[in-house]
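Visitor: I would like to learn how to read a few features of a model. Please take them one at a time.

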Amino acid sequence: MGWRGILGFEYGIVQAPLGPDISGPDLVAAVANAGGLGFLRAPDWESPDYLRGLIRKTRTLTDKPFGVGVVLAFPHEENVNAILDEKVAVLQVYWGDCSEELVLKAHQAGVKVVPQVGSFEDAKKAISVGVDAIIVQGREAGGHVIGQEGLISLLPRVVDLVGDHGIPVIAAGGIVDARGYVAALALGAQGVCLGTRFVATEESYAHPTYKRNLIELNKTEYTNVFGRARWPNAPQRALVTPFFDEWKSLPPHENEVNQPVIGHATINGEEKEIRRFGGTVPNMTATGDIESMAMYAGQGVGLINEILPASEVVKRLVEGAQQLIQKEFSGL
């Protein structure tokens, strides 16, 4: 069988934008070179020049198209302008209003817009403003989780809603291997978006301790103990580390503001303090008490048992899915 891609990409494999800067140029370029769609993650503050630098650095590592993810809950207008100026292939948006105006502006610059949604209602809204594809996120997903529904029930409803609008639906949440890819295709998705699996790659900018924990631990929990002040009402799915296990019932009135500084990191070119419960996952530059920092992961983390090159992740997904479909399902 021929393998179908999405949005002009060879394969329907998407590497989620991983914050704060875990999906840097090295990871995004590796995914792009392997035929997938990789997303840089824009800073959570206005930093258009730095973002241009990230985009240009990525372009020195690949001649293939890629995208940038922007969290609309944070200041983003100048960052978005930089993305459109640079004519990046895809703008991914999350956690905020994907307006008709934004979509129009992007389309005028020749940039496709793909919001990530966590509910049927938000998917409906996205279709009405003319987006190019939709990422549907289930509650199984790692990091900040926008909806309450599981992927297996939400995804087919959105697929039915899209109908013949020609908007690809991309499944996100707990998918790490070829079996998850084929399951998503069976539910009507045209692509899959993976976060945790790409954090656990050689090219990801995650701290080695974070990567090691993704391999060694396999339990996650849906929580709101991290980043209550910085990003309120934004629950997250985190790895159950010994630190998290001890503190997961943090009283509701507590937040990171009055907590001790447990480390430092250079994030998107700026020196940052990391406070306990700050919700910043440790990147390669993080120092201090790494084990007490937030480590986000989706429910599929138990299926991840080795750090792989990103190209190998893409290859195994594509080849594994083709094999599964031909062997298991072709004679039905």
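**Reading a strand, a helix and a helix pair**

Guide: Ile274 is found in strand 13, residues 270–275. Strands (E, at least two residues) and helices (H or I, at least four) are DSSP runs numbered from the N terminus. This is a predicted model, in which local features need pLDDT of at least 70, side-chain atom pairs count only at pLDDT 80 or more, and totals for chains, interfaces and linings use all residues. Residues are numbered from 1 along each chain as its sequence is written, and side-chain values use heavy atoms, with hydrogens and water left out.

Visitor: Is Ile274 buried or exposed?

Guide: Buried means under 20% relative accessible area, exposed over 50%, and partly exposed in between, with a 1.4 Å probe and protein chains only. Ile274 has a relative accessible area of 3%, so it is buried.

Visitor: Which residues does Ile274 touch?

Guide: Contact means heavy atoms within 4.5 Å. Not counting residues up to four places away in sequence, Ile274 touches Pro260, Val261, Ile262, Gly263, His264, Ala265, Thr280 and Met293.

Visitor: Where does Gln92 lie?

Guide: Gln92 is in strand 4, residues 90–94, and is buried, with a relative accessible area of 3%. Leaving aside neighbours within four places in sequence, its contacts include Pro17, Phe39, Val68 and Ile135.

Visitor: Which residues of helix 4 are buried?

Guide: An α-helix has 3.6 residues a turn, so residues three or four places apart point the same way. In helix 4 (residues 100–108), the buried residues are Leu102, Val103 and Ala106. These lie on the same side of helix 4 because they cover an arc of only 100° around the axis, the arc being that of the directions from the helix axis to the C-beta atoms. Glu100, Glu101, Leu104 and Gln108 are exposed on the other side of helix 4. The buried residues of helix 4 pack against helix 3 (77–85), strand 4 and strand 5 (112–117).

Visitor: At what angle do the axes of helix 5 and helix 6 cross?

Guide: Axes are lines fitted to C-alpha atoms, for helices over the stretch in contact, and angles run from 0 to 180 degrees between N-to-C directions. The axes of helix 5 (residues 120–128) and helix 6 (residues 151–162) cross at roughly 25° and come within 10 Å. The two helices are therefore roughly parallel to each other, a term for angles under 35 degrees. Phe120, Ala123, Lys124 and Ile127 of helix 5 make the contact with Leu154, Arg157, Val158, Leu161 and Val162 of helix 6.

Notes: Parallel < 35°, antiparallel > 145°, perpendicular 65-115°, else oblique.
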